[in-house]
Structures are given as structure tokens and as C-alpha cells.
Amino acid sequence: MVYRSEQIVERLFRTEYGKLLATLTRLFGPSQIQLAEDVVQETLISALSSWSTGQIPANPTGWLVQVAKRKALNEIKRKHMMLRHHHIHVSSHNSVEDIDAFFLDDEIKDSQLRMIFTCCHPALDAKSQIALILKTLCGFGIKEVAKALLSTESTMNKRLYRAKEKIRKTETPFIIPQGNELMEKLDTVGLSLYLLFNEGYNATDGESVIKKELCLEAIRLAKLLVDRYQDDHKLNALLALMCLHTARFDARIDDKGTIILFEDQDRGLWNKDLIHIGMGYLKKSLHDTGISAYHVEARIAAEHCLSASFEETNWQVIHEHYLLLEKLKPNPIIQLNLAIIQSKLQGVKKSLSLLEHIAKNDDLKEYHLLPVTQGVFYMKLRDYQKARVFLKKSLAMGPSRKEIVFIQDKIKECEKMLPKD
């Protein structure tokens, strides 16, 4: 496959933005997070401009690192000149050698981990911490952050502005905490990686339903944490969940990138090695101190992965897991999944009744997968008129481009079955 320069830059934005930003923020200091963002964005703009002529370097990541280093050095020189002009003494700190040290590959990984923990500053509430991680380190747009936190774009903009101001004023140190404070921050970091993975698994926007680079980045960071805190059962469960979901990627979309419904997926395409790895992390996560939501979700994913076929899936067990999950983290999306599972236990009509009730929840008013589900279920009942209404409703809720193709195909199926005027 031949990639356009825009596609390569977009992919690198997803995979390298957080690493470069973390490194530059550590270099400039946490109060200069906006300056670090500016340098990273300028680097990516330079890449788009330079590569648009077709001269794409053999090592695009290396190119970005070199350009970011040069821009960082220029910025430091400019600041030193300004300070000298005002007769302010400056030390020799942040020399070319210092900057080279900051950009070592291993240091980029460590800097990103430090930056993630820094975003969990106690002066910020949990949602602000997560929003800051997703926006500054994961390359999320405001729309994606709002979707992840079931909020509005305007609310997220205000929350992020306030969070950056607090970090700027408090000069947050890049220190990984210890003891109880560490465990509190691990929960927030884990949730951020979970939301990063979810966005990749079901993308808000873009050319594909799946953004593998986001999922792989979430797995990479989760693996860093698991390697460092090997006895943390929640982190092991989270990594298990990610592996088990990623194992099904090749079966989720067809050759054109269009969605394949779960019941129609070719299980022969599922990655058995990755399922085995995921089951290993799930086994390691089990402990008599209790279970987390990640444990339950991983068990649900495992039940699907180990079922010989869609028809042989033990839906009663999955339903029981979802009931437990709802107790652990009450959430309208979980209620939606419970309603969907009811179609396997008590029939489609029962599910539609539950979905109609769930649709009254304000948090799901703009959630396009709800009317899509209603539309597909009405198709199963051969009520193509109602199915078309719900499918058209979902199109107005901002689905991704590939989801639009899937929905439009379903609408065409409905129209073929409706009587001609």
C-alpha cells in the first residue's frame, strides 16, 4: 500500500506526538507545556510541507526527532539571547549535548511515562487529568476527548485550559510518586490508556473504523507499566483486555475497510498467538483481593475469543459479567450492551424495548451507535420502515467515514425491501 504524505504525518502524529511532547516538556520545564506543544506542532507542519513534494525520508520518525531537536535548540538559544540582552545571568544548562541526551530512544519512553504521571497532578480533578493526558500525550482532538469522557467539546476546552494554567503556575515536577500516591495515580493512568485504546478500537473520525496505531500505543504504554509494576493486578487485566480485543482486528473490517458485524466475522482470522498472550495476562491478573472492571471486561473478551462460533457463545455467562460490570462502573454504554445481549436471551423485541428506554438518557443523545443498533434490530424483525428511520437518525450524529458507509449500505438494504411508491 502506498501512503500519501498526509497519511504518514497523521500516523506519526498519533504515535510520536506524545513522545516528543513529553521530551520537550521535560526539556523546557512543565510550566512551558504550551511552548512544547508549539514546537511539536511546528515540527509536524514542517514534515507535511517538506514531504508533500514526494520526498518522504526513509526514517520519518528519525526525521521528526532531528527537526524537533533543532527547533528546541533554536528556542533555547533565542531565550538565552533575550536574557543576556536584559543582563540576566544564564547558565550553560541545556547545551547541544543536553538536548541529545533528552532525545535518546529510551529517554523518550521514560519521558512519556513521567509526563503521564505529571498530568495526574493532585491539583487537578480526575477528569481534567485524563483529558490532559488524552489531549497532550495521545494526540486526541477535542471531539475525541469529549467522546471519551461523555462530555461536550466546549466543556472539554474549558477544562483543558484550566488544567494547563494550574500546571503552569504550580511548576509540577516530573517525579514518579511512591506508595499510596503511586497507586492512586496508576488508576488514572490506566483509565487514560483504556480510553486511548477505545478510541483506536472504534475511531471517532478518519478513514478507518480502527486506528491500530492508537491501540498499539496504548498496549506499548500499558506494557511499560506492567513491566514496571508486575504485581499490579488491574494493570495486568487491562493489558489482557487490550490483547484479546486486538486479536480480532483483522476480522472486524473487510478489504475495503467496511465494518463486519461481530456475528459475521471470520474467526479463522483471529490472532491465536495474541489470544494466548492475553489469556496469560488475564491469568496473572487473578487474585483473591477482588476484581476490577478491567477483569470483568477481559473475561467477557475471553469468553468471545474462546467460543468455537458465534452460535456457541455462552450469552448467559456474558450477561452475568455485564451485570457485574454495571455494578462496578455504572455507565449508559454498559446498559446499551446489556440491552443488546438480551436479544440473545429473550429475543430482539425485548432488546428494542430496553433500547427505547435507554435512549432517554441524556448522555446518549448524540451516541450514534444506539440508533444504529435499533436500526439493525428492526431489520432483523423485517420492519424496514422503522429500521431506515433509526439508521438515518444515526447519520446526523457524526459517525466516522467508514461507519457512514456501513450505515448507508444498511439503508440501501432497507429501501430494497420497501414497497415502491
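This is a predicted model: local features need pLDDT of at least 70, side-chain atom pairs count only at pLDDT 80 or more; totals for chains, interfaces and linings use all residues.

Residues are numbered from 1 along each chain as its sequence is written, and side-chain values use heavy atoms, with hydrogens and water left out.

**Helix α16**
- Let's start with α16, which covers residues 332–345; helices here are DSSP runs of H or I with at least four residues, numbered from the N terminus.
- Buried residues in α16 include P332, I334, L336 and L338, where buried means under 20% relative accessible area with a 1.4 Å probe, protein chains only.
- Those buried residues of α16 pack against α15 (315–328), α17 (348–358) and α18.
- After α16 comes G347, and its phi is positive, near 100 degrees.

**Helix α19**
- Next up is α19, residues 384–395: its 12 residues should span 16 Å, and the end C-alpha atoms sit 17 Å apart, which agrees.
- Y384, A387, F390, L391 and S394 are the buried ones in α19.
- Looking down the axis of α19, these buried residues fall within an arc of 125 degrees, so they line one face of the helix; the arc is that of the directions from the helix axis to the C-beta atoms.
- Among the elements covering them are α18 (369–380) and α20 (401–417).

**Nonpolar cores**
- The largest nonpolar core has 65 residues, and L193, F197, L225 and M242 touch the most other members; a core is a set of buried Ala, Val, Leu, Ile, Met, Phe, Trp, Tyr and Cys residues joined through side-chain atoms within 4.5 Å.
- Helix α11 (residues 233–246) gives the most to this core, with nine residues.
- Leaving out residues up to four places away in sequence, M242 touches L193, Y194, F197, A218, I219 and A222, with contact meaning heavy atoms within 4.5 Å.
- There's also a second, separate core of 23 residues, which includes L355, V372, F390 and F406.

**Cysteines**
- C243 counts as buried because its relative accessibility is 4%, and C305 is buried at 10%.
- The whole structure has zero disulfides, a disulfide being a pair of cysteine sulfur atoms within 2.5 Å.

Methods:
Helices (H or I, at least four residues) and strands (E, at least two) are DSSP runs, numbered from the N terminus. The expected span of a helix is 1.5 Å times one less than its number of residues. Buried means under 20% relative accessible area, exposed over 50%, partly exposed in between (1.4 Å probe, protein chains only).
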